[in-house]
Each structure stands twice: as C-alpha cells, then as structure tokens.
Amino acid sequence: MSSSTSETVAVDSLVAEYLQFQNFTATLQSFVSDVGTKGRPLPNFGAQANEKKLQDAKAAVLKAFDNGEFVQFFELWSSWVPASFAPKPGTLMIEFYVRLYFAVFPVHPSFADQKSKQSLETAMANFRTFLDARGSELTDPLYAPYFGLPFFKDPAQHPTFKELFQASWPVDIRGRLETFIADAIRARLQEHAKVTPKIFELVGKGSQSRRGSSSSLLADDAKSPQNKDLTSICSELYAILEKVMADKKMPHPDALKDIGARIRKGRYFPVRDPSQASMGPPPPAMSKDGPQPPRSNRAPSIRKDGSGSLNYQRIKSDLTSTALSPTKKALLLQALRWRLAKSTGVARRMVATAYVTGDLFGARSKGKELR
C-alpha cells in the first residue's frame with residue numbers, strides 16, 4: 001500500500017469513527033458504501049467492534065422477544081437500556097407495548113405452535129404489577145383501555161382488545177422494539193467505551209500549535225534588534241514631544257535630524273522600488289495640504305470662501321433627469337442656494353458669475369431647458 005493510500009485510509013477511519021461517535025448511522029453507512037465504491041479499503045475504526053457487539057446484543061433481545069421469554073428479555077432490557085433513556089416518553093411507550101405483548105403472548109394465535117414459558121395468569125399478573133408501579137405515568141388516553149386487560153379471563157374474545165390479536169400487531173411492536181433497542185444499545189456501548197474520536201485530539205493539537213506559533217512569532221518579533229531600535233526611537237520622539245509641550249519651544253534640529261537618519265537607515269517603512277513601478281498604481285500625489293486622491297477621482301475643489309469649480313454639466317443632467325427623485329433635486333437646489341447665499345462680497349460675485357458662465361439653469365442652452 002502506497003503512503004498516499006495509507007494516509008487516505010487513515011483519514012477515512014477518522015471520519016468513520018467520528019460519524020459513529022455522533023450516531024450519524026445513515027451518514028456512516030453512505031460513507032462506507034462510497035468508500036467501497038471507489039475501490040479503497042474500508043475504513044478501520046475502533047467503533048467497528050462496538051457495531052458487532054450491538055448486532056449480537058440486539059439479536060439476543062429480539063430472540064427473547066420472539067420466544068416469549070419474559071424474564072430473560074427484561075434482564076437484557078435492564079442491561080442495555082441506559083438510565084439516560086428512562087426519562088424519554090418513547091422509552092415508557094415502547095416498554096408499555098412490550099409488556100402488553102408478553103401479557104397476551106400465551107393466548108395469541110400467532111404463537112399457538114409455541115409453548116409459552118408462562119401461563120396466561122402469570123403473564124397478566126406481571127402486566128398488572130407494571131401498571132400498579134408505572135400506571136400514574138401513563139397519562140395518555142391511548143393507554144386507558146388496556147388497564148382493564150388483566151381482569152378478563154378471555155381477552156381475545158373482547159372487542160376492545162381485538163387489534164392485539166391480529167397477526168400484524170406483534171410484527172409492528174417488534175419493528176418498533178428493534179429500532180429502539182438498537183439506539184439504546186449503541187448509547188450504552190458509548191457510555192462504556194467513553195472513547196473520544198481521534199479527530200478531536202488532532203483538532204485540539206492543531207489549535208494549540210497555531211496559538212503557540214503565533215505567540216512565538218510575536219515574542220521573536222519583539223526581541224528582534226530592528227524592533228528594539230524602533231521602540232527606542234518612539235520613546236525619544238515621545239520625550240521630545242513632552243518637552244515641547246512643557247517648554248513651548250521647538251527641539252534642536254540636530255535631534256530630529258539624528259532620529260530621521262536612524263529611521264531611514266532602519267527602513268522601518270516600505271520604500272517603493274523604482275523597478276516595480278509597473279506592479280501597481282503610483283502613490284497619491286503630494287501637496288502642501290497632504291496626500292491627495294488621484295486626479296481622475298478627485299471631487300472639484302471648493303475653497304473656504306465658497307467659490308470653486310463645480311461640474312455644471314453633471315448638475316444640469318441630474319436636475320433634468322427623471323431618475324433623480326424630486327426630493328434629491330430639491331436638496332441639490334438648496335445646496336446651490338446656500339453656496340450663493342452664504343458667500344459674501346467678492347466670493348458671492350464669483351459664485352454668481354460661475355453659475356452664469358456654467359449656464360447652470362440652461363438659460364442659454366439651445367437644447368433641453370430646465371423646467
């Protein structure tokens with residue numbers, strides 16, 4: 001077997017073990033079937049041994065049920081139905097119907113050729129004992145007709161119990177029991193094994209490894225000479241800033257010059273390599289006001305006095321467009337009004353001139369006018 005094949009089988013086994021642990025029975029069956037269809041060896045997982053135990057135990061329980069062996073059946077029931085199943089409504093229901101089955105077993109026509117291990121009187125007495133002990137929990141009206149069963153000498157002849165003596169009724173109860181007991185035995189085996197799938201261990205180790213690596217990298221980063229020097233520069237700059245705030249005096253130029261030289265020497269900030277100019281867009285243009293966005297995306301500049309260029313073609317287009325809502329058109333006109341009204345003196349004259357020059361309201365346009 002090649003290394004890649006053995007690794008695949010190992011992964012298949014981990015997945016199968018996890019599915020078995022989570023009780024994803026249908027998914028597990030489909031997975032194992034798909035693995036076999038692809039020609040790979042079937043996954044080898046620890047829960048396979050549990051599956052064999054499950055099948056053997058289930059077979060023993062059903063055998064005792066089929067043979068009417070009341071004592072042996074409930075010994076197996078006590079062994080395999082875990083305490084966690086007791087509070088479930090389905091547990092009490094299936095137990096009730098199983099005990100009802102054993103109560104009528106001695107006189108049921110489907111088992112006429114079998115010699116019952118107990119008489120009808122004993123079977124009914126066992127059923128009555130169960131009703132005395134658990135009857136208060138059977139609050140569903142569905143159970144009510146069967147409380148009188150132990151008091152009939154020939155229940156097969158009574159119309160209330162006619163359904164119990166049909167050939168299909170024991171088959172139905174057996175089907176329900178088979179599903180229930182398989183789940184119960186599987187839960188019991190998992191309680192006994194308490195084996196956590198290996199995939200949980202691997203995931204846990206992976207998380208710890210990632211956390212450890214991340215912490216280690218951060219620690220190594222902090223210890224690097226470059227970071228130590230950068231920390232020192234930050235401390236010096238902070239001390240200079242504190243002194244400037246206290247003395248209201250600028251620091252000596254040489255101090256800042258020395259720090260600048262150390263920053264350039266350490267290359268703490270990325271420097272664009274001219275040889276990589278084609279790898280991306282150029283950096284933003286610089287001006288006295290700081291970095292500016294590319295010219296093609298920059299909005300028209302507006303000075304503090306309210307003047308400046310506007311895209312009058314765009315404004316006229318928006319005002320005449322049917323796509324723009326009346327509310328937005330009103331807001332746009334309000335903004336234009338404020339631009340003019342809140343300017344003073346020369347600035348207001350400049351704004352008005354710009355509106356006229358830009359033919360803002362289409363007064364000079366030969367085409368579509370603003371209405």
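Here is a short tour of helices and rings, one selection at a time.

This is a predicted model, in which local features need pLDDT of at least 70, side-chain atom pairs count only at pLDDT 80 or more, and totals for chains, interfaces and linings use all residues. Residues are numbered from 1 along each chain as its sequence is written, and side-chain values use heavy atoms, with hydrogens and water left out.

**Stop 1: H2**

Select residues 25–37, which make up helix H2. Helices here are DSSP runs of H or I with at least four residues, numbered from the N terminus. H2 has 13 residues and reaches 18 Å from first C-alpha to last, close to the 18 Å expected at 1.5 Å a residue (the expected span is 1.5 Å times one less than the number of residues).

Now show the side chains of Leu28, Phe31 and Val35, which are buried (under 20% relative accessible area; exposed is over 50%, partly exposed in between, with a 1.4 Å probe and protein chains only). Look down the axis of H2: these buried residues fall within an arc of 65°, so they line one face of the helix. The arc is that of the directions from the helix axis to the C-beta atoms. An α-helix has 3.6 residues a turn, so residues three or four places apart point the same way. On the other side of H2, you'll find Ala26, Gln29 and Thr37 exposed. Step just past H2 to Gly39, which takes a positive phi of about 80°.

**Stop 2: H4**

Next, pick residues 70–80, helix H4, where Phe70, Phe73, Phe74, Leu76, Trp77 and Trp80 are buried. They cover an arc of only 155° around the axis, which puts them on the same side of H4. Turned away from that side are the exposed Val71, Glu75 and Ser78.

**Stop 3: the rings**

How many aromatic pairs does the structure hold? There are 24, counting rings of Phe, Tyr and Trp (its six-membered ring) with centres within 6.5 Å; planes under 30 degrees apart are stacked, over 60 edge-to-face and the rest tilted.

Last, select Arg99, which lies over the face of Phe74, 4.0 Å from the ring centre (a charge counts if NZ of Lys or CZ of Arg is within 6 Å of the centre and within 35 degrees of the ring normal).

How values were computed. Helices (H or I, at least four residues) and strands (E, at least two) are DSSP runs, numbered from the N terminus.
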